[in-house]
Amino acid sequence: MFGVLVVAAPDGRIGYLCGFSGMLGESWYADGFAPPLFDPVARDAFWPAGQAELDALDERHAELVDGAEPVVLRARLAELTARQAEAATELSTRHEANRRCRHDARGRLAEGTRGEDERREALHALGQESRADAAERRRLELAHQQEREALESALRAFDTRRAELEHLRAERSRQLWQQIAYSYVIPNARGEERTLGVMFAPEPPPGGAGDCAAPKLLGQAYRHQLKPLALAEFWWGAPPLTGGRQAGEYYPACRSKCGAVLPYMLEGLSVDLAPLPDTAAIPEDAPRVLYEDPWLLVVDKPCGLLSIPGRHDSLRDSVLVRLRRRYPEDAELLVMHPLEVDISGLLLVARDPETHAALQRQFARQEADKRYVAWLDGLLPGDQGTVELPLRADVEHRPRQRVDPLHGKRAITQWYVVRRTDTQTRVSLFPRTDRPHQLRVHAADPLGLGAPIVGDRLYGHDAARLMLHAEAVTFLHPRKNERLEFQSPAPF
């Protein structure tokens, strides 16, 4: 990220400062750009030795993972596993042939003319053969387990040492970062100063806190008695691996790192509050109720209206607040799958917990269906498909979500092309799971559709509105046992 801060000098002259996030070309310093906020002398007093210590731990870790001994052990275990699997397969094949022979023999005994005692003895002998095969299988499994034990024990010892080393390195890195945090001096417009470590105490700050463009620019302005007037940050260069950034596009400051730093740095300045969703233009009779009975409501939410109020602002204008005013006798209204403020369309609202739970079960089992329509900023090569990319919160850039094959939760979206223009594609989207921002990330990510939803300021390009609408819902009424379907034509 790069940033530009418009400033005013004490004599009234207007100018600007430039800054970048993190390092540029492996350096904290670049001519013409705001320097970092940490004290380089204090940092250099301990960081080189700390970095050398972390590097030494990394080398020891690499030896435990890819050193000669663990590599040989893993190769020997893989070879042994393959050989044992082959022996187990051969035994299973032989035992299956024996089982078929015994089956045929039992059939002949049933149809034969032997006496009862002779037939009983023959069946006993066949049972003995079956038990002998089972015993042979157990002996082989025990032998294989004993063969593997020495190799697996040695590898477990490596894993234990590796885990201990990872814990040691993480703890030492945490200690060093906390020490570094106290070398960051954060000023504000009142002339006060506070260290980054104090700002996040008792926990260490998130990685990269204080290194974003905005804090650097404000710090540079205060150092030179310049008054900040306006600030903008934009991305330049190739998109990051997590996606969601396009060269030349402007983005707001991140919450996890700058959320605690910038409010302090702006103290003493007259600044505009962060804009809230504009609900003044939303009609008082919204949302429109399409269906109601004693157990549930189906409503059509307009763009710009929250589905539910925030945790700490329970009376903030939203679908739920408006419905509670409209239905004061309903103390337990529960919104199914709340839509984000920028998304319009159909919402199911249960009027009691039992109905809510029954509807949840239907969606979890894919017995209920919800269809969205969206315009994508780009052309898709196919006409239909499925995106399956696991998602988790991007903790450093909330409220964004990111694709994470290792730690993410399963997320599946089916899609169908409805229409194409020269530059955009209209699609129907069917979420088969319910993850935050699922449709938006699956559309924008290069491993998904690779075409962000039009108007998606988080994962694509800002526009007049987010072109995403919940246009249809189908479900089985939990009490009436009727299949219901509702539609809401998209306003775009």
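**Reading the terms**

User: Why is Pro405 called exposed?

Analyst: This is a predicted model. Pro405 has a relative accessible area of 70%, and exposed means over 50%, so Pro405 is exposed.

User: Where in the chain does Pro405 lie?

Analyst: Pro405 belongs to the loop that runs between β13 (401–403) and β14 (412–420). The C-alpha atom of Pro405 is separated by 21 Å from that of Ala364; these two residues are 41 apart along the chain.

User: What makes up the secondary structure of the chain?

Analyst: The chain contains ten helices and 17 strands.

User: How do you know whether the chain is more spread out or less spread out than a compact globule?

Analyst: The radius of gyration of the chain is 32 Å, whereas the globule rule gives 23 Å for 492 residues. The value is well over that of the rule, so the chain is more spread out than a compact globule. Along the principal axes, the C-alpha trace spans about 120 × 70 × 50 Å.

User: What percentage of the residues is called buried, and what does the term require?

Analyst: Of the 492 residues in the chain, 40% are buried; the term requires a relative accessible area under 20%. The chain exposes about 27,400 Å², of which carbon and sulfur atoms supply 53%.

User: What percentage of the contacts join residues at least 24 apart in sequence?

Analyst: Among contacts between residues at least 6 apart in sequence, the figure is 63%.

User: How far apart are the mean positions of the positive and negative charges?

Analyst: The chain has 64 positive and 72 negative charges, and their mean positions are 3 Å apart.

Methods
Residues are numbered from 1 along each chain as its sequence is written. This is a predicted model: local features need pLDDT of at least 70, side-chain atom pairs count only at pLDDT 80 or more; totals for chains, interfaces and linings use all residues. Side-chain values use heavy atoms; hydrogens and water are left out. Helices (H or I, at least four residues) and strands (E, at least two) are DSSP runs, numbered from the N terminus. Buried means under 20% relative accessible area, exposed over 50%, partly exposed in between (1.4 Å probe, protein chains only). The radius of gyration is taken over C-alpha atoms; the globule rule is 2.2 Å times the number of residues to the power 0.38. Contact means heavy atoms within 4.5 Å. Accessible areas come from the Shrake-Rupley method with a 1.4 Å probe; for residues, only the protein chains shown count as cover. Lys and Arg count as positive and Asp and Glu as negative; His and the chain ends are not counted. The place of a charge is taken as NZ of Lys, CZ of Arg, CG of Asp or CD of Glu.
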